[in-house]
Amino acid sequence: MNDTILQVEHLTKYFDAQENLIVRSRGNVKAVDDISFSVKKGSIFALVGESGCGKSTTARLILKLIEPTAGKVTFDGKDVFALPPSELQKMRRDIQMIFQDPYSSLNPRWRIGRILTEPLDTHKIGTPAQRREKAIELLKVVGLNEESCQKYPHEFSGGQRQRIGIARALITNPKFVICDEPISALDVSIQAQIINLLKKLQVQFDLTYLFITHDLRVVRFLCDTVGVMYLGKLVETGPTDAIFSDPRHPYTQALFSAIPVPDPDNEKEEILLEGDVPSPIDPPSGCHFHTRCPYAKEICSQQEPPLQTVDGEHKCACHLLSGMNVAPKTP
Ligand code: SF4
């Protein structure tokens, strides 16, 4: 049985730098650069990495909100980029998104009832009465009451607004939800509540999540599989347990070494990377990470390392795996 719901193959997106007014020079911004991964039905796949590494662009490509430069995305057996507009519209019922900022993602001039029923109006699902009933049902599912329908977004706290964002994402009964940094704009005290709610809803509605985040503690708690991105490339991927217990890419090791450990006896040394993330316009040759990597050798700036199998589904793109004569240190 094929249990893959999403397959991403050689996905690539280059933006024209001048067109987007990012810089006054010629060239392409290599936002997503030939990445491949798959997500199993009913699982949670985390995409992690620093800001600007291509995580959110990947999400927008999957939904075909922007045109890809190259590559293929298959969702539930269908080639997303080859779908006619009417089929693409239907597919967007099945893939919904929860946004980072609950303040700007809700229309401030609309009451919550209208915000929640709008996706049902767009997709012509149910009668007006059924849409309102569904909105009330979803509000209760996310821990809010029926009276919320009459209120405006500014009458709610940040955590409550994110609950409304979650209710809106679930109202079309999607199979797949892209959670784009869903807790990073919230107070720390609220973050755990939203994470627990997302976990509960994933089980209750048999959902699959693509979880975009830079919070590795959340990844460890919530996610089954991890993909680590650096400068538009997928540099390491595999089951969460394997990646956390044996991170192989020097960038993954550096990211994980910064996770705080609540144990005064565990004096884990943080790996500090030198320099800033290079510009995605003309990124470094060979391995994009070679300008910051503590183990870089000549070959690293000359040849791009392929994504190779470490063990089972654990894969890593680093010349160290091909026997380059340097051993990565364990964080
Ligand atoms: Fe570092 Fe070279 Fe591995 Fe890139 S390929 S991560 S530069 S050791």
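In the predicted model, Tyr230 and Phe289 are both buried. The structure holds six aromatic pairs, and one of them is formed by Tyr230 and Phe289, whose ring centres lie 5.0 Å apart with 80° between the planes, an edge-to-face arrangement. Tyr230 belongs to strand E9 (residues 225-230), whereas Phe289 sits in the loop between helix H9 (250-257) and helix H10 (298-302); the pair therefore ties together parts that are 59 residues apart in sequence. Together with Tyr251, these two residues make up one aromatic cluster.

Phe244 and Phe256 provide another pair, with ring centres 4.4 Å apart and planes at 20°, so this pair is stacked. Phe244 lies in helix H8 (residues 240-245) and Phe256 in helix H9, 12 residues apart, and the pair links distant parts of the chain. Phe244 and Phe256 are both buried.

The largest nonpolar core has 59 residues, of which Leu116, Ile166, Leu201, Tyr209, Phe211, Leu216 and Val219 touch the most other members. When neighbours within four places in sequence are left aside, the contacts of Phe211 include Ile44, Phe45, Ala46 and Leu47, as well as Cys179, Pro182, Ile195 and Leu198. Val218, Leu222 and Cys223 are also in contact with Phe211. In soluble globular proteins, nonpolar side chains tend to be buried together.

Helix packing was examined for H3 (residues 112-122) and H4 (residues 128-141), whose axes come within 9 Å and cross at roughly 120°. The crossing of H3 past H4 is right-handed. On the H3 side, the residues that meet H4 are Ile112, Leu116, Thr117, Leu120 and Asp121; their counterparts in H4 are Arg131, Arg132, Lys134, Ala135 and Leu139. Leu116 is also one of the residues that touch the most other members of the largest nonpolar core.

A search of the whole structure gives zero disulfides. For Cys316, the closest cysteine sulfur is that of Cys318, at 5.3 Å, which is too far for a bond, since a disulfide requires the two sulfur atoms to be within 2.5 Å. Cys316 has a relative accessible area of 0% and is therefore buried. Cys149, at 3% relative accessibility, likewise counts as buried, because the cut-off for a buried residue is under 20% relative accessible area.

Terms used. Residues numbered from 1 in each chain as written. Predicted model: local features only at pLDDT ≥ 70, side-chain atom pairs only at ≥ 80, totals over all residues. Heavy atoms only, no water. Buried < 20%, exposed > 50% of the residue type's maximum accessible area, 1.4 Å probe, protein only. Phe/Tyr/Trp six-rings, centres within 6.5 Å; stacked < 30°, edge-to-face > 60°. Helix = DSSP H or I, 4+ residues; strand = E, 2+ residues; numbered from the N terminus. Core = buried A, V, L, I, M, F, W, Y, C linked by side-chain atoms within 4.5 Å. Contact = heavy atoms within 4.5 Å. Axes fitted to C-alpha atoms, helices over the stretch in contact; angles between N-to-C directions. Left-handed = near helix turned anticlockwise from the far one by under 90°.
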